Amino acid sequence: MNVFRLAGDLSHLLAIIILLLKIWKTRSCAGISGKSQILFALVFTTRYLDLLTNYISLYNTTMKVIYIGCSYATVWMIYSKFKATYDSNHDTFRVEFLVLPVALLSLVVNHDYSVVEILWTFSIYLESVAILPQLFMVSKTGEAETITSHYLFALGVYRTLYLFNWIWRYFAEGFFDLIAIVAGLVQTILYCDFFYLYITKVLKGKKLSLPA
């Protein structure tokens with residue numbers, strides 16, 4: 001495993017920990033998009049269908065279990081445990097406008113016409129846009145708590161590091177996955193405006209706000 005993938009995994013894990021601690025410690029899921037979290041749960045579910053049939057390493061299996069378990073734990077806290085604090089009035093992004101086109105694209109553009117491969121491709125495409133409901137929610141409310149900003153930044157860093165992972169694998173192993181690279185580029189581009197605001201505001205002690 002190269003350093004970029006390891007750093008990306010750690011950044012992703014950090015984002016998950018930040019989110020779970022934010023909700024659990026404050027006993028509130030205010031400012032968190034439940035719709036984005038449902039999409040992420042769908043991403044990990046469809047990506048790791050081989051969890052029980054394809055063993056690669058203890059590290060690989062452990063990370064898969066953590067991603068799936070934490071994604072559903074987050075959804076549970078938002079829609080059940082701390083439901084009273086969930087701001088559904090601002091979490092209004094129409095996720096069907098993401099899921100349906102992504103599902104169609106995964107049927108048309110994939111590596112192999114098998115159920116597992118199509119669902120893996122679906123997860124890659126969906127992950128690239130799963131954060132949109134959260135960014136839309138921040139835009140509607142006008143600002144995000146500092147801890148939520150840290151969560152979003154960690155997610156963005158994870159995706160950016162994975163782009164470097166694909167570049168490294170191309171030059172070191174001759175491996176090239178156009179689907180994963182394009183999806184990663186799309187997701188990184190979506191974070192660009194957020195990165196700028198994070199660096200110029202949050203790191204200076206100000207609250208992050210996105211233009212409505």
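Tutor: Start with H3, whose buried residues pack against H1 and H2. Keep in mind throughout that this is a predicted model.

Student: Which residues of H3 are buried?

Tutor: They are Asn60, Met63, Lys64, Tyr67, Ile68, Cys70, Ser71, Thr74, Val75, Met77 and Ile78.

Student: What makes H1 and H3 roughly parallel?

Tutor: Helix H1 (residues 3-26) and helix H3 (residues 58-81) pack at an angle of about 25°. Angles under 35 degrees count as roughly parallel, and therefore H1 is called roughly parallel to H3. Their axes are 11 Å apart, and the crossing is left-handed.

Student: Which residues make that contact?

Tutor: From H1, they include Leu6, Leu13, Ile16, Leu20 and Trp24. From H3, they include Tyr59, Met63, Tyr67, Cys70 and Met77.

Student: Why are H2 and H6 called roughly antiparallel?

Tutor: The axes of H2 and H6 cross at roughly 170°. The limit for roughly antiparallel is over 145 degrees, so the pair is described as roughly antiparallel. The two axes come within 7 Å. Lys35, Ser36 and Leu39 of H2 meet Leu132, Pro133 and Gln134 of H6 in this contact.

Student: How do you know that the end-to-end distance of H4 agrees with its number of residues?

Tutor: Helix H4 (residues 96-108) has 13 residues, which at 1.5 Å a residue should span 18 Å. The expected span is 1.5 Å times one less than the number of residues.

Student: Which residues of H4 are buried, and why are they said to line one face?

Tutor: The buried residues of H4 are Leu98, Val102 and Ser106. Viewed down the axis of H4, they fall within an arc of 50°, so they line one face of the helix. They pack against helix H2 (34-47), helix H5 (115-129) and helix H6 (132-141).

Student: What does the face of H4 turned away from the buried side carry?

Tutor: That face carries the exposed residues Phe97, Leu100, Leu104 and Val108.

Student: Is arginine 159 buried or exposed?

Tutor: Arginine 159 lies in helix H7 (residues 146-173). Its relative accessible area is 7%, and buried means under 20%, so arginine 159 is buried. Leaving aside neighbours within four places in sequence, arginine 159 is in contact with Glu127, Trp166, Gly184, Gln187 and Thr188.

Student: Is tyrosine 48 buried or exposed?

Tutor: Tyrosine 48 is in the loop between H2 and H3. With a relative accessible area of 14% against a limit of under 20%, tyrosine 48 is therefore buried. Leaving aside neighbours within four places in sequence, tyrosine 48 is in contact with Lys64, Tyr67 and Ile68. Lys64, Tyr67 and Ile68 are among the buried residues of H3. Tyrosine 48 and serine 123 are 75 residues apart in sequence and 9.3 Å apart in space, C-alpha to C-alpha.

Student: What makes lysine 83 exposed?

Tutor: The relative accessible area of lysine 83 is 53%. Exposed means over 50%, so lysine 83 is called exposed. Lysine 83 sits in the loop between H3 and H4 and, leaving aside neighbours within four places in sequence, is in contact with Met77 and Ile78. Lysine 83 and cysteine 29 are 54 residues apart in sequence, with their C-alpha atoms 7.9 Å apart in space.

Notes: Residues numbered from 1 in each chain as written. Predicted model: local features only at pLDDT ≥ 70, side-chain atom pairs only at ≥ 80, totals over all residues. Heavy atoms only, no water. Helix = DSSP H or I, 4+ residues; strand = E, 2+ residues; numbered from the N terminus. Buried < 20%, exposed > 50% of the residue type's maximum accessible area, 1.4 Å probe, protein only. Arc of directions from axis to C-beta. Contact = heavy atoms within 4.5 Å. Axes fitted to C-alpha atoms, helices over the stretch in contact; angles between N-to-C directions. Parallel < 35°, antiparallel > 145°, perpendicular 65-115°, else oblique. Left-handed = near helix turned anticlockwise from the far one by under 90°.
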